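Subject: Structure for you to look at

Dear colleague,

I am passing on the structure we talked about, and below it you will find my notes. Please read them with the model open beside you.

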Amino acid sequence: MKKVEAIIKPFKLDDVREALSIIDISGMTAIEVKGFGRQKGHTELYRGAEYVVDFLPKVKLEVIVQADQLDACIEAITNAARTGKIGDGKIFVSDVEKVVRIRTGEEDETAI
């Protein structure tokens with residue numbers, strides 16, 4: 001099993017959710033986060049004063065998939081989240097040792 005973490009632009013969340021749904025991945029967690037990479041933030045004007053916004057709003061998705069779904073999951077997220085502009089985000093993949101569904105006690109693949 002693999003854990004896919006994707007940092008994306010907030011307005012792309014519905015597109016990514018729909019793309020994952022098409023490939024039968026329905027369970028995910030979405031967290032509103034702030035951060036920056038090469039984008040480095042930007043300056044804004046507020047009441048005549050200019051200030052720097054270092055941390056930009058993003059959405060972090062966490063999805064647990066079976067290993068054979070990994071490539072399709074990455075492709076779906078990449079295609080749905082891409083705008084072609086700086087700040088589109090990143091995808092991180094890590095191994096998952098164990099999953100337990102609390103309600104039933106099911107474990108691993110059956111718990112996903």
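The largest nonpolar core has 17 residues, and among them Ile-8, Val-16, Leu-20, Val-65, Cys-73 and Ile-77 touch the most other members; such a core is a set of buried Ala, Val, Leu, Ile, Met, Phe, Trp, Tyr and Cys residues joined through side-chain atoms within 4.5 Å. Two or more residues each come from strand E1 (2–8), helix H1 (13–22), strand E5 (56–65) and helix H2 (70–81), and H2 gives the most, with six residues. Helices (H or I, at least four residues) and strands (E, at least two) are DSSP runs, numbered from the N terminus.

Please keep in mind that this is a predicted model, in which local features need pLDDT of at least 70 and side-chain atom pairs count only at pLDDT 80 or more, while totals for chains, interfaces and linings use all residues. Residues are numbered from 1 along each chain as its sequence is written, and side-chain values use heavy atoms, with hydrogens and water left out.

In H1, the buried residues (under 20% relative accessible area, with exposed meaning over 50% and partly exposed in between, for a 1.4 Å probe and protein chains only) are Val-16, Ala-19 and Leu-20. Seen down the helix axis, they fall within an arc of 95 degrees, so they line one face of H1; the arc is that of the directions from the helix axis to the C-beta atoms. The face turned away from them carries the exposed residues Asp-14 and Ile-22.

H2 has 12 residues and reaches 16 Å from its first C-alpha to its last, close to the 16 Å expected at 1.5 Å a residue, where the expected span is 1.5 Å times one less than the number of residues. The buried residues of H2 are Leu-70, Cys-73, Ala-76, Ile-77, Ala-80 and Ala-81, and they cover an arc of only 130 degrees around the axis, which puts them on the same side of H2. On the other side of H2, Asp-71 and Glu-75 are exposed. The buried residues of H2 pack against E1, H1, E5 and strand E6 (89–95), contact meaning heavy atoms within 4.5 Å.

Finally, Glu-5 is found in strand E1 and is buried, with a relative accessible area of 16%. Its side chain makes a polar contact with the side chain of Lys-60 (3.0 Å); a polar contact is a pair of N or O atoms within 3.5 Å, and within protein one must be able to donate a hydrogen and the other to accept it, while residues adjacent in sequence count only if both atoms are side-chain atoms.

Best wishes
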